[in-house]
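This briefing is meant for a reader who is meeting the structure for the first time.

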Amino acid sequence: MVPVVIDFQTHPDRYRHWRLRFEDRVARLDMDVDPDGGLGSDYELKLNSYDLSVDIELADAVQRLRFEHPEVGAVVIGSLKERVFCAGANIGMLASASHPLKVNFCKFTNETRSSIEDATKYSGQRYISAINGTAAGGGYELALATDYIMLIDDGSASVALPEVPLLAVLPGTGGLTRLVDKRFVRRDRADVFCTVEEGIKGARALDWNLVDELVSGSAFEEEVVERAAEMAAASDRPNDVDGVELTELERRFGDDQIEYSDVTVEIDRAAKVATITVNGPDEPAPTDAAAAASLGADFWPLRLARELDDAILHLRNNELGVGTFLLHSRGSLEAVVEYDRFLGAHSEDWFVREVLLMWKRVLKRVDLTSRTVITLVEPNSCFGGFLAELVLASDRGYMFEGTLEGEEATATLFLTESNTGPLPMSNDLTRLETRFWGDGAGLERALKAVGATLTADQAYEAALVTEIFDEIDWDDELRMIIEERSSFSPDALTGMEANLRFAGPETLETKIFGRLTAWQNWVFQRPNASGETGALRRYGTGLRPDYDTRRV
Amino acid sequence: MTSQLVDYDSLIPNNVGLADDPKLRRALEAWHPGYIDWWMSMGPEGFQVADVYLRTAISVEKDGWAKFEFVKMPEYRWGILLAPPIEGRTIPCGEHYGEPAWQEVPGPYRAMLRRLIVIQGDTEPASVEQQRHLGSVAPSLYDMRNLFQVNVEEGRHLWAMVYLLQKYFGRDGREEAHELLQRQSGSDERPRMLGAFNEETPDWLSFFMFTYFTDRDGKMQLEALAQSGFDPLSRTCRFMLAEEAHHMFVGYTGVARIVQRTCEAMNEAGIEDPYDAEAVRALGVIDLPTIQRKTNLHFSLTLDLFGSEESTNAANFFNAGIKGRYHEDRLDDDHRLVSDTYPVTKLVSGLLRPVEVPALNGLNARLRDDFIDDCQGGVTRWNRSIAGSGIEFEIRLPHVAFNRAIGEFTDIDVSPTGKVLTREDWKAHRDGWLPTSDDKTFVETLMQLEVRPGRFAGWISPPTKGIQNQPEDFLYVRLP
């Protein structure tokens, strides 16, 4: 069997499941899932139920709205299906999917939900859900990710999280957490809500704060348009500039490599390693924000972010055997720092702001990737400013000390203000703050290193890298570290890394991802959900699932 | 056949391409001064400026591994010599059986291999430290020279292990190499890693017992490591084994000469009862029961060095292919042992009897059993010498469960013949089985320096022949 390669690149022209239209400063993103358009052939995406193919289009739409539509200040997520908003993740897909596919599916959908919240909060693009019928499971969770939930009051439309009573799994895209942590639904009510298969409708849904507004059937469309227009009017996004088109990525897939313009991925399946090299800029940084926008998708930081994001998604979903990412960079550190300064200086501009926000999301994607990430800072590498975040995002960082024989270049690292604020992790702390959690002196020492070209010694002294090795040790040490890593249990590594990466307080996001990993992925493995007589397999057969009744 | 390029000109005889390996050279250069400091402060006390007739290995060829010349010990040419590679050598055991032997450290086994090498390396300087005071009470120049030969070779064996650490284990390896010079035998702060190497070697009887029994554990460990799938370790150990044989020769002949002298003296004095310790000791020789008690002690302490009879570590080492069995390459089985068993003596319902355990977990016991077989030969020859002089006495190796502090028998009291005892019984008999403070005091009274050429202390016979067939009065050590 030839494994299906999952591609995360798409375009509105090719959407099978969503319709995007624009009304002045409001975007209408309507779900109209093609039942036969899923990735798998053994399930039908009925009633706007979704699989990864639906979510890839949603993620693409959210991304394009930010870049291609500076004028859009509000986005309404609706449905083109009669009396159905969205039935959530497709049960047939969940029942037949392999465990890694389920896990990757849930992770990606969660990242997309987080990006919707991020757009609302930081991009001036507020999301509204217009629930015209049943919003069940993942359907209601999608609504929970929006900032304002409007529910049609037609006597039958309801919101529901029926996973526990119906499927013996959990709402997997943050539903439980968002109920109590975002919408502040009282815990006992939330408990009741999550065990009522048919969900809650009308006045009670409003009373329990499951929705923000109840609208009668006849006024629904009108009210939605009005609310969206009000919100769009309050946006700080410019109404008078052109968007930046997210053009097709340049990429070439080989058997064991992928070539992008600024990213190269080399895959060594035997060693279980992917070597990812990011390239610095070829051109100097533009002089003003308009010049950056006119470069469009070729503006180096944007192009690099999109390519790196695509590479990570590709590896995550299509190269399950690759356990370690080795991150290299190549280029002029000065040029990178120049770009970084440019981004910092123009962060008020809508486009530059989007580029920075994109980098924030890509870096979070790295944080949330269940692969060992090792960054190598070598002579001619260019980890500066936002690129230096890759060093801080990795499980271990190694830096080359001294020079290569016969060459002059040394490895250097450069921190900027980009490392002290604009690119926080899911825990809302910078990677430096997380790294030095509980170590104020350490953080202060690292902050003092901001703005200076750091040699290996200095970077090690500032505790920014794990170890420094000179030419004599470099190859051997790395070989052994990688070989040793590859010999450990991938499951144990995933768990260990996820535990160590997110020091500090919990946030909505860390809870969602942490609990997804700990609870949902556990429940997915249990026979009560996925066994022959478990709820996922028995769903739709008329037979009741047969549970092992022992509590664990 | 690979040619062995030995750098004769350099300070360090080697066949590892030291001259062309800047990484290794730099690491060794950093380590070397610390080693010399260690040798000066912890090596043979009082004889650092003496010229000693020593054997130096300068190559691995037949005529190169034993060059005899007078040398001051601190100027000894400690070299790095590996046995010649065996073309096409494969991993001799475990799950990688039959795959090409590793020429680089396999990453997944890095920590395991390093631990093995560090433990082996730690024993080498330890024995030098344990023996550092013995020169001043040597019974002859011949024996003094043998002691120093053993010492410099233990030093060279340390170099061999340090070479592996520095060449193959990067920074961690260099740190471990440094640590090997920091720990000290018997130190409260930083003792050596294994118990027996923190015991003192207070007298020459102890030294001979140590070289006979404890160095033989070293031999067995080297034999097992010579069967490693990590080829540089295998080659290093194969070369070390050639030198280790000399140490055991020193131990075997040392005890044999003591036994011979005791028997002669008893015959001359007409004493027939070997247990009449007072009469025998009055002759200025060591009574045979004392030799038996020392045998009991050193043998049982050495058994502890093999580790627990049932061991997960041993199973892991073998299965990983980094440590084989004694003569693994000559054994005729599947070399994986996954479904085999091995009989290990255990206490079952109050009796010591063999119990079949998974063969992988029983590998320490197996190596120990091979060791016991290997020990028996010399003991038999000592007894032949006793019998030849008409005295009724036999030196016996005690039971494996006797006087053990590690493994199956830690918590039980067992007689030398293998009878399980009550604590009271043990206490009542202990002084008959293990050296007493009286024994120690007596042996110490015999320890007098004898440095006149051709003369030997009264408690030990001269050897049957000299080193390199030198005459009996040869000046093996030229004192300043």
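In the contact between the two chains, 10 residues of chain A meet 10 residues of chain B. On the side of chain A that touches chain B, the residues divide by class into three nonpolar, one polar and six charged. The model is a predicted one, and the points below should be read with that in mind.

**Domains of chain A**

- Chain A is divided into domain 1, covering residues 12-233, domain 2, covering 252-498, and domain 3, covering 508-538.
- The C-alpha centres of domain 1 of chain A and domain 3 of chain A are 20 Å apart, and the contact draws 18 residues from domain 1 of chain A and 19 residues from domain 3 of chain A.
- On the side of domain 1 of chain A that touches domain 3 of chain A, at least two residues each are supplied by α2 (91-96), α3 (99-122) and α6 (175-181) of chain A.
- The largest share of that side of domain 1 of chain A comes from α3(A), which gives six residues.
- Taken by class, the residues on the side of domain 1 of chain A that touches domain 3 of chain A are nine nonpolar, six polar and three charged.

**A helix pair in chain B**

- Helix α1 (residues 22-42) of chain B and helix α4 (residues 170-182) of chain B have axes that come within 10 Å and cross at roughly 10°.
- Because angles under 35 degrees count as roughly parallel, this crossing makes α1(B) roughly parallel to α4(B).
- From α1(B), the residues B:A27, B:W31, B:G34, B:Y35 and B:W38 meet B:R174, B:A177, B:H178 and B:L181 of α4(B).
- The residues in this contact of α1(B) with α4(B) are six nonpolar, two polar and one charged.

**The largest nonpolar core**

- The largest nonpolar core has 287 residues, and those that touch the most other members are A:I131, A:M150, A:V159, A:V355, A:M399 and A:L413.
- Helix α3 (residues 141-168) of chain B gives the most to this core, contributing 16 residues.
- When residues up to four places away in sequence are not counted, A:L413 touches A:V377, A:F383, A:A388, A:V391, A:M399, A:L454, A:A459 and A:L464.

- Leaving aside neighbours within four places in sequence, A:L142 is in contact with A:I77, A:C86 and A:R113.
- The C-alpha atoms of A:L142 and A:L368, which are 226 residues apart along the chain, are separated by 20 Å.
- A:Y127 is found in strand β7 (residues 126-131) of chain A, and A:Y127 counts as buried, with 25 C-beta neighbours inside 10 Å.
- Although A:Y127 and A:I77 are 50 residues apart along the chain, their C-alpha atoms are separated by 7.2 Å.
- The residues that A:Y127 touches, not counting those up to four places away in sequence, are A:V75, A:I77, A:I116, A:A119, A:T120, A:T146 and A:D147.

**Loop residues and positive phi values**

- Most residues other than glycine have a negative phi, and the following points include exceptions.
- A:K272 is a residue other than glycine with a positive phi, near 65°, and A:K272 lies in the loop between β15 (263-268) and β16 (273-279) of chain A.
- A:K272 is buried, having 20 other C-beta atoms within 10 Å.
- B:S349, also a residue other than glycine, has a positive phi near 45°, and B:S349 has its place in the loop between β3 and β4 of chain B.
- B:S349 is exposed, with 5 other C-beta atoms within 10 Å.
- B:G350 is found in the loop between β3 (341-348) and β4 (351-358) of chain B, and B:G350 is exposed, with 7 other C-beta atoms within 10 Å.
- The C-alpha atoms of B:G350 and B:F442 are separated by 38 Å, and these residues are 92 residues apart along the chain.

Conventions:
Residues are numbered from 1 along each chain as its sequence is written. Chains are lettered from A and ligands numbered from 1 in the order in which they are written. This is a predicted model: local features need pLDDT of at least 70, side-chain atom pairs count only at pLDDT 80 or more; totals for chains, interfaces and linings use all residues. Axes are lines fitted to C-alpha atoms, for helices over the stretch in contact, and angles run from 0 to 180 degrees between N-to-C directions. Helices (H or I, at least four residues) and strands (E, at least two) are DSSP runs, numbered from the N terminus. Angles under 35 degrees count as roughly parallel, over 145 as roughly antiparallel, 65 to 115 as roughly perpendicular and the rest as oblique. Two residues are in contact if their C-beta atoms, placed from the backbone, lie within 7 Å. Ala, Val, Leu, Ile, Met, Phe, Trp, Tyr, Cys and Pro count as nonpolar, Asp, Glu, Lys and Arg as charged, and the others, Gly among them, as polar. Domain bounds come from an automatic or database domain assignment. A nonpolar core is a set of buried Ala, Val, Leu, Ile, Met, Phe, Trp, Tyr and Cys residues joined through C-beta atoms within 7 Å. A residue is buried if 20 or more other C-beta atoms lie within 10 Å of its own, exposed if 12 or fewer, and partly exposed in between; C-beta atoms are placed from the backbone.
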